[in-house]
Amino acid sequence: MTQPFTPEVVEAVSRHMNADHAADSLLIVRALGGRPSATAAAMTGLDGDGIDFTAVVDGAEVAARVPFGRPLTERAEVRPEVVRLYREACEALGVAPRAKE
């Protein structure tokens, strides 16, 4: 596990995902995080290899990790990779993605 991101970057990305993209996080966790019955998800961290979530499954909080498609080394790479994960999750779940992320 590599950590190219400062704690401030991780906090900013987490805050944005949890405030503005909670539904997207849930789709990602259901389709790619091994938690298909999750009813909620919140981003808890990320590093160069993947993104971490806490998911609610059967009323209990459980961890979920979704690996990135390739190692990330710069903050500018995070958004395109999360969008890719979102689109992959939508496809896997048969959900139409939003027109623009």
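What follows goes through the sheet, the helix across it, the core and a few single residues.

Q: What makes a residue count in this model?
A: The model is predicted, so local features need pLDDT of at least 70, side-chain atom pairs count only at pLDDT 80 or more, and totals for chains, interfaces and linings use all residues. Residues are numbered from 1 along each chain as its sequence is written, and side-chain values use heavy atoms, with hydrogens and water left out.

Q: How do you know that S1 and S2 pair?
A: Two strands pair if DSSP finds at least two bridges between them. Strands here are DSSP runs of E with at least two residues, and helices are runs of H or I with at least four, numbered from the N terminus. Six bridges join S1 to S2, so the pair meets the cut-off of at least two. The two strands run antiparallel. Ala 42 has Thr 54 of S2 as its bridge partner, and Leu 46 stands opposite Ile 51 in S2. A hairpin of three residues joins S1 to S2.

Q: What makes S2 and S3 a pair?
A: Eight bridges join S2 (residues 50-57) to S3, and the strands run antiparallel. Ala 55 stands opposite Val 62 in S3. Val 56 has Glu 61 of S3 as its bridge partner.

Q: Why are S1 and S3 called edge strands?
A: The open sheet has three strands in the order S1-S2-S3, with antiparallel pairing. S1 (40-46) and S3 (60-67) each have a single partner strand, so one side of each is left without a neighbour in the sheet. The twist averages 30° from one strand to the next.

Q: How do you know at what angle H2 runs to S1?
A: Axes are lines fitted to C-alpha atoms, for helices over the stretch in contact, and angles run from 0 to 180 degrees between N-to-C directions. On that scale, H2 (residues 22-32) runs at about 85° to S1 and lies across S1, S2 and S3.

Q: Why is Ser 25 called buried?
A: Buried means under 20% relative accessible area, exposed over 50%, and partly exposed in between (1.4 Å probe, protein chains only). Ser 25 has 0% relative accessibility, so it counts as buried. Ser 25 is found in helix H2. Contact means heavy atoms within 4.5 Å. Leaving aside neighbours within four places in sequence, Ser 25 is in contact with Met 17, Ala 41 and Phe 53. Other buried residues of H2 include Leu 26, Leu 27 and Ile 28. The buried residues of H2 pack against H1 (7-20), S1, S2, S3 and H3 (78-93).

Q: Is Asp 47 buried or exposed, and why?
A: Its relative accessibility is 2%, so Asp 47 counts as buried. Asp 47 is found in the loop between S1 and S2. Its C-alpha atom is separated by 9.7 Å from that of Val 78, 31 residues apart along the chain.

Q: Why is Asp 58 called exposed?
A: Asp 58 has 72% relative accessibility, so it counts as exposed. Asp 58 is found in the loop between S2 and S3.

Q: What makes the phi of Asp 58 worth a note?
A: Most residues other than glycine have a negative phi. Asp 58 has a positive phi of about 50° although it is not a glycine. The hairpin of S2 and S3 has two residues between the strands. Just after H2, Gly 34 takes a positive phi of about 75°.

Q: What makes a set of residues a nonpolar core?
A: The members are buried Ala, Val, Leu, Ile, Met, Phe, Trp, Tyr and Cys residues joined through side-chain atoms within 4.5 Å. The largest such core has 27 residues, and Ile 28, Leu 46, Ile 51 and Phe 53 have the most contacts inside it. H1, H2, S1, S2, S3 and H3 each supply at least two residues of this core. Its largest share, six residues, comes from H3.

Q: How do you know that Arg 98 lies over the face of Tyr 86?
A: A charge sits over a ring if NZ of Lys or CZ of Arg is within 6 Å of the ring centre and within 35 degrees of the ring normal. Arg 98 lies over the face of Tyr 86, at 4.7 Å from the ring centre.
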